[in-house]
Amino acid sequence: TQKENDLIVHLIDKLPENLTANFEAKVDAHKRLMTVNNHSATHLMHAALRQVLGNHVEQRGSLVNEKQLRFDFSHFAKLTGEEIKEIERIVNERIRANITLDAQTNVPIEKAKEMGAMALFGEKYGNFVRVITFDKNYSVELCGGTHTRATGQIGLFKIVSESSVAAGIRRIEAITAEASEQLVLSQEAILQEVKKVLKNPKDIVSAVQLVVEEKNKLTKQLEAFQKEQVKNLKAELKAKAVRGDGMTKIFAKVALPNAEALKQLAHDIKREEKGAFIIIAAEIAGKPQIAVAIDEDLVKSKNLNAGKIIRDLAKNINGGGGGQPFFATAGGSKISGLDAVILEADSLI
Ligand SMILES: [Zn+2]
């Protein structure tokens, strides 16, 4: 539906065959009812916004359909949780008050202004306007829309989102009637699901807190365990190191919990062993990874470059990587190539 030259134009998907026949237009009663609820709730919310946030609140845009209402307005800051709750509380209180609609048509614009009617930003009005009032001390607006006869039928009003549209303009999206009832039901269903997962505790919040605490405790234990594992692995690798010609060579495929541990292990051995030349390959979270660490003196004296070496080695795992001459890492996708990495490493020097 559009307005053109003061005429209401209904748009249709398909033109009828006989354009000169008589036609009957039918309003989808349910769709209209839901739209009326959302639109009327917009009036109530507009007044509540001014009450809670201040009289600087002005409408900057509005979209209403059978599913929801969207309202853009001037305000300088994100709404707090308390403000949103207070707006919802006021609107719902006004709905339960079941205020009767007072719609006055052909009101002279001057008189409408005297009534304190809120005009829409940027809208042009004629000399005579329609004034929509839900309690003359609460909401008086100029509006040509369609409204509920009494606010009670709007049902539960619920704000579902608050966001920024542009500098100084906020947007609220809200639902009413069936839609908010559906929301309550679906939230309740989620809560029941959570309860079931937690084996029906009396207090859900403490039960969830307990789970999170347990998880943190176990994570810490696991980290300590992994550290110990890396420490043992380091000792094992150092014991197996091939020493000679001013070098300590460690080329090995190992098991490690994460990429961080791989880096740490290579770094630690390099720091602790003189002339370290380390190539470690590991499967981490289902992906092959390699780390190459070379003692700085060795880099110079033997003209070695970890970044270059790793680029060649990474080909075995269908991957790539890089780094500095004394430290480099690579990841890939072919786990079966890890053994080939170590074989190639042995042939390097
Ligand atoms: Zn209206």
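User: Leaving aside neighbours within four places in sequence, which residues is Thr133 in contact with?
Analyst: In this predicted model, Thr133 is found in strand 6, residues 128-134. Neighbours within four places in sequence are left aside here. The residues in contact with Thr133 are then Thr100, Leu101, Asp102, Ser139 and Val140.

User: Is Thr133 buried or exposed?
Analyst: The relative accessible area of Thr133 is 3%. Buried means under 20%, so Thr133, at 3%, is buried.

User: Which residue of strand 7 stands opposite Thr133?
Analyst: Strand 6 and strand 7 run antiparallel and are joined by four bridges. Among the contacts of Thr133 are Ser139 and Val140. The residue that stands opposite Thr133 in strand 7 is Val140.

User: Where does Glu58 lie, and what is its relative accessibility?
Analyst: Glu58 lies in the loop between helix 1 and strand 3 (59-64). Glu58 counts as partly exposed because its relative accessibility is 37%.

User: What distance separates the C-alpha atoms of Glu58 and Lys26?
Analyst: Along the chain, Glu58 and Lys26 are 32 residues apart. In the model, their C-alpha atoms are separated by 35 Å.

User: Is helix 1 parallel or oblique to helix 2?
Analyst: Helix 1 (residues 29-53) and helix 2 (residues 81-96) pack with their axes 9 Å apart, at an angle of about 135°. Roughly antiparallel needs an angle over 145 degrees, and roughly perpendicular covers 65 to 115. At about 135°, helix 1 is therefore oblique to helix 2.

User: How many nonpolar residues are there in the contact of helix 1 with helix 2?
Analyst: From helix 1 come Leu44, Met45, Ala48, Leu49, Gln51, Val52 and Leu53, and they meet Glu83, Glu86, Ile87, Ile90, Val91, Arg94 and Ile95 of helix 2. One residue of this contact is polar and three are charged. The nonpolar residues number 10.

User: What is the order of strands in the sheet of six strands?
Analyst: The sheet is open and its pairing is mixed. Strand 10 (242-244) and strand 14 (320-324) are the edge strands, each pairing on one side only. Neighbouring strands are turned by 10° against each other on average, direction ignored. The order is 10-11-12-13-15-14.

User: Which residue in the turn between strand 10 and strand 11 has a positive phi?
Analyst: Strand 10 and strand 11 (residues 247-255) run antiparallel and are joined by three bridges. Among the facing residues, Arg243 stands opposite Thr248, and Val242 has Lys249 as its bridge partner. The hairpin has two residues between the strands, and the one with a positive phi, about 60°, is Asp245.

User: Do strand 11 and strand 12 run parallel or antiparallel?
Analyst: One of the facing residues is Lys253, which stands opposite Ala281 in strand 12. Strand 11 and strand 12 are joined by eight bridges, and their direction is parallel.

User: What angle does helix 8 make with strand 13?
Analyst: Helix 8 spans residues 306-314. It lies across strand 12, strand 13, strand 14 and strand 15. Its angle to strand 13 is about 155°.

User: How many charged residues are in the contact of helix 5 with helix 6?
Analyst: Helix 5 (residues 204-239) and helix 6 pack at about 45°, with their axes 11 Å apart, which means that helix 5 is oblique to helix 6. The contact is made by Val230, Leu233, Lys234, Leu237 and Lys238 of helix 5 and by Ala261, Leu265, Asp268, Ile269 and Glu272 of helix 6. By class, six residues are nonpolar and none is polar; the charged ones number four.

Methods:
Residues numbered from 1 in each chain as written. Predicted model: local features only at pLDDT ≥ 70, side-chain atom pairs only at ≥ 80, totals over all residues. Heavy atoms only, no water. Buried < 20%, exposed > 50% of the residue type's maximum accessible area, 1.4 Å probe, protein only. Contact = heavy atoms within 4.5 Å. Pairing = 2+ DSSP bridges. Axes fitted to C-alpha atoms, helices over the stretch in contact; angles between N-to-C directions. Parallel < 35°, antiparallel > 145°, perpendicular 65-115°, else oblique. Nonpolar A, V, L, I, M, F, W, Y, C, P; charged D, E, K, R; others polar.
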